[in-house]
Amino acid sequence: MYGMLLESVQHFIQLEYGESAWREVVRLARCKWYVFNTHQIYPDGLMPELAAAAAELLTDPTDRPGARVQPTADGFMRYFGRCFVRFFSNLGYDAPIRATGRYFCEFLKNVDNLHLQMRFAYPKMKSPSMYMSHVDRNGCVLVYRSTRRGFTQYFMGQLDQIAEEVYDTNLKIRVLQSEKTSTATVSSHQSTAATAAAASVGLQNVLVKYRLDFDNSAFVDQHAAVHTFDRCLQLPSIPIKLLLRLFPFGVVINQDIRIMDAGEKLLSVWGAATADDVRGHLLVQHLVLRRPRDIPFTWTNLMYLTSVTFELEVLRGTHATMPEKKLNPTKGEKKSVSQLPATLDRRGSYGSRSILLKGQMRHFKEIDVVVFLCSPVVNNLDELQAMSLFMNDLNLHGLSRELVLAGWQHCSRLELMFERAEQWSQDLEDNYEQLDKWKRKGDSLLYSMLPRSVADQLQNGQSTMNTCKAFNFISVMFCEVEGLRPQATIKGVMDVVECMNTVFSCFDSLTDRFNVYKVETVNQVYMAVSGAPEYTREHARNVTDLSLEFAENIRDLQFPCNIQIQIKIGIHSGPVVAGVVGMKVPRYCLFGDTVNTASRMQTTSQPGKIHISVTTKRLLPQNLYKLTSRGLVTVKGKGKMETFWVDRKPRSPQTEKRHSV
C-alpha cells in the first residue's frame, strides 16, 4: 500500500491521542517506521498490525463520555478508514468524489472509475473492484472484491465518512457475506500450468457483500424518470456495422461471451481478414480482462457493471493459433467465462507491443448483446509506435489524437520535472540519513563531555543551574603523572604529549568499569569522582579500586625515549555540590571543601602510592584492603590530619570477579 494511507493514521493518532501514544503504537506493532512517505510502498499487513496495537493501548475512537466501549482491532480499522477520507479531504482529493454525481448511489457506481484515474498519480496502486447488485429506495447491496485481506472494516469506515462528509447522508452498513477465494480457482479457462502457478503462490481474493441502508429515494425516482423517457422515444433501427465504424476497436459479445462481430481496426490488430475469422470464438482467446480486477468475466457481471470502465488487453495474432476451450458454467452463472490470471499488471502492456482498450460494456436489449465501446489507451507517440498503430487508427470523434499530441509536446517537460522531483526526494532522504548520523555523533560528543543524565536535562531546555545538585557523601580522586620533564625541542615536547595521551587514554578505559565519572584533566592531573551525578553507596570503594588499577596498569605501559613515569594519587570523601555552570564550553564541575582536601591528599602523596583521608578509610571494607597509617600529616589549610596508605590484599574470588574485564 502507498504511504498516504499510513500517513492518515499517523496524523490523526498524533492529533487525537498524542505523539507519545503514536510512538507506543508503532513500538507495540514492531513497525520500523515512525513517519511515512506518501509515494513509498509499504507492506499491506502493516495497517492491521497498527490497528491491533492501537486496540491494546488506546481508548475506543467511538467512545462517548461514560460509555466505556471496549476497543477492538476492527473498530480501529474502521476508524482508520474514516481518518483516510478526512486526510485526503484536507488535500483536496474530495473534489473528484463530489464531481462524480449528485447522489451517494452515483458515487458507488463510479468509484471504480475514480480508482482508474488515480493510477496515474499512484501507478502501483492495487485498488479494489466493486459494483452494486441491487438498488432500492432504502439503499443498495454492494459487492466488494480485493486482493488485500483484513480491510473489510477499513472500507466500511471510508464509506461512513464519505456519506457523512460529502453527501450529508446517514449510512448504516452491515456485512451480508464474506468469503475468500484463491485466484487459482477464479478462471475456468486458464491453462493447467497457469492454474498450478497461481495455486503455488497462494494468492487469495476477498469477496464481501455489504448491505448499505440510506435514503436512496431521490436516485431511484430520477432513474425511473429517465427510463420512462427512453420508452417514449422510438427511433428506427440501425445496422451494427455503423456502430463499429464509430468504434473501430469495438467488439460485440453474446451471452456465451463469444465474439459475434468486431471493428475493422481490432480485426487488423488480430491479423484477421474478416469478422468470420473470429466469430464464435471465446472472448478470452483474444482479450485479457485487466480492469475491473478479480472479477470473473461472466454475462451476469457484465449486466451489473454497465457503469464501470473496463480495460481489456489485446492478444495479437491469436485467432488462428489458440484452440477453443470447453466452457464449464459455474453454479449461478449462465454459460460464464472467467478471466485469465488476475495477477497480471495492467501497466505491463505499455511498451510491450500490446494494446490496452478502455471503454464501457453497453447492453443492447433489442438484440440481447453487449458491445464493448472502447478506444486504445495511448499516452504518447512512443507508445503509439510500440503498439504498431497510427494516428489514423484512433477515433475521430474522441480526444485520443489530441491527447497523444499534447502528451508528446509536454512529455519532455514532465519527464524533466519527474526526474527533478525524484532527485529532490533522494536528496531529502540522504539529508535525513546525514542528519541522523551527525545527531548521533553530536550526542556521542556531548555525552563524552557531560554525564548523560545532565546532558539530557540541558537538551530538554533546562538551565545550567537546574543541573546543580548537593551530595552528602561522594569520593573524589586526584592522580598526578610525574616524570614528564619540560623539553626544549619540538620532538621532545611531542614525546611528552604522546606519553600523556597514552596514560590518560588508559585511565579513561578503566573508569566505566568502576562506575566512576572523569571530571577533567588539568596539565598532568587527572580528576575523577564516584557518587555523582549518579549516587552510589560504594563510591569510596569504586575510586579506591580504580586507583589501584591505575597503579598496576602504569607499570605495563611503554613510553618513547625510555621515559620513566610514576603517579601519585590522593582520595577524600565528603559533601560537594556538582553541576554545570556557565554557557560556553560547559563542564560538569564539583564545588566544596571536599575537592580541595582531595587535592591536598594528592599533593602530599608519594610517587607510586595511594594516599587517603581518615574519612575515606572509614568507608572502605576492612577485609579487602591493606591500610597502613601514615600518622599525622600537615595539610595546607587543614592543619594536622591522620592519613593512610592503601594497598590491595591478595584477591579473593569476590574481588577477582570485580576486577576482571
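1. Is Arg 258 buried or exposed? In this predicted model, Arg 258 is buried, since its relative accessible area is 18% and the cut-off for a buried residue is under 20%. The residue sits in the loop that runs between β5 (251-253) and β6, and its side chain reaches the backbone oxygen of Gly 280 at a distance of 2.8 Å.

2. As to the chain as a whole, a reader new to the structure will find 20 helices and 18 strands in it. The chain has 661 residues, of which 45% are buried, and its accessible surface comes to about 34900 Å², with 53% of that surface belonging to carbon and sulfur atoms. When contacts between residues at least 6 apart in sequence are considered, 69% of them join residues at least 24 apart.

3. Six strands form an open sheet in the order β6-β5-β10-β9-β8-β7, and their pairing is antiparallel. Because β6 (259-262) and β7 (287-291) each have a single partner strand, they stand at the edges, and one side of each is left without a neighbour in the sheet. On average, neighbouring strands of this sheet are turned by 30° against each other, direction ignored.

4. Within that sheet, β9 (residues 355-364) and β10 (residues 369-376) are paired in the antiparallel sense, with eight bridges between them. A reader who wishes to trace this pairing may look at Lys 358, whose bridge partner in β10 is Ser 375.

5. Helix α1 is mostly covered, with 10 of its 14 residues buried, among them Met 4, Leu 5, Leu 6, Val 9, Phe 12 and Ile 13. Its buried residues pack against α2, α3, α4 and α7, and just after α1 Gly 18 takes a positive phi of about 110°.

6. Helix α3 (residues 46-57) has 12 residues, and from its first C-alpha to its last it reaches 17 Å, close to the 16 Å expected at 1.5 Å a residue. Its buried residues are Leu 46, Met 47, Leu 50, Ala 51, Ala 53, Ala 54 and Ala 55, and the buried residues of α3 pack against α1 (3-16), α2 (19-28), α4 (73-90) and α7 (152-165).

7. Helix α7 should span 20 Å, because it has 14 residues at 1.5 Å a residue, and the 20 Å between its end C-alpha atoms agrees with this. Here too the helix is mostly covered, as 11 of its 14 residues are buried, including Tyr 154, Phe 155, Gln 158, Asp 160 and Gln 161.

8. Finally, Tyr 79, which has its place in helix α4, is buried, because its relative accessible area is 8% and the cut-off is under 20%. Leaving aside neighbours within four places in sequence, Tyr 79 is in contact with Phe 12, Ile 13, Glu 16, Tyr 17, Pro 61 and Arg 86. With the side chain of Glu 16, the side chain of Tyr 79 makes a polar contact at 2.7 Å. Tyr 79 and Val 9 are 70 residues apart in sequence, yet 8.9 Å apart in space, C-alpha to C-alpha.

Technical notes
Residues are numbered from 1 along each chain as its sequence is written. This is a predicted model: local features need pLDDT of at least 70, side-chain atom pairs count only at pLDDT 80 or more; totals for chains, interfaces and linings use all residues. Side-chain values use heavy atoms; hydrogens and water are left out. Helices (H or I, at least four residues) and strands (E, at least two) are DSSP runs, numbered from the N terminus. The expected span of a helix is 1.5 Å times one less than its number of residues. Buried means under 20% relative accessible area, exposed over 50%, partly exposed in between (1.4 Å probe, protein chains only). Contact means heavy atoms within 4.5 Å. Two strands pair if DSSP finds at least two bridges between them. Axes are lines fitted to C-alpha atoms, for helices over the stretch in contact, and angles run from 0 to 180 degrees between N-to-C directions. A polar contact is a pair of N or O atoms within 3.5 Å; within protein, one must be able to donate a hydrogen and the other to accept it, and residues adjacent in sequence count only if both atoms are side-chain atoms. Accessible areas come from the Shrake-Rupley method with a 1.4 Å probe; for residues, only the protein chains shown count as cover.
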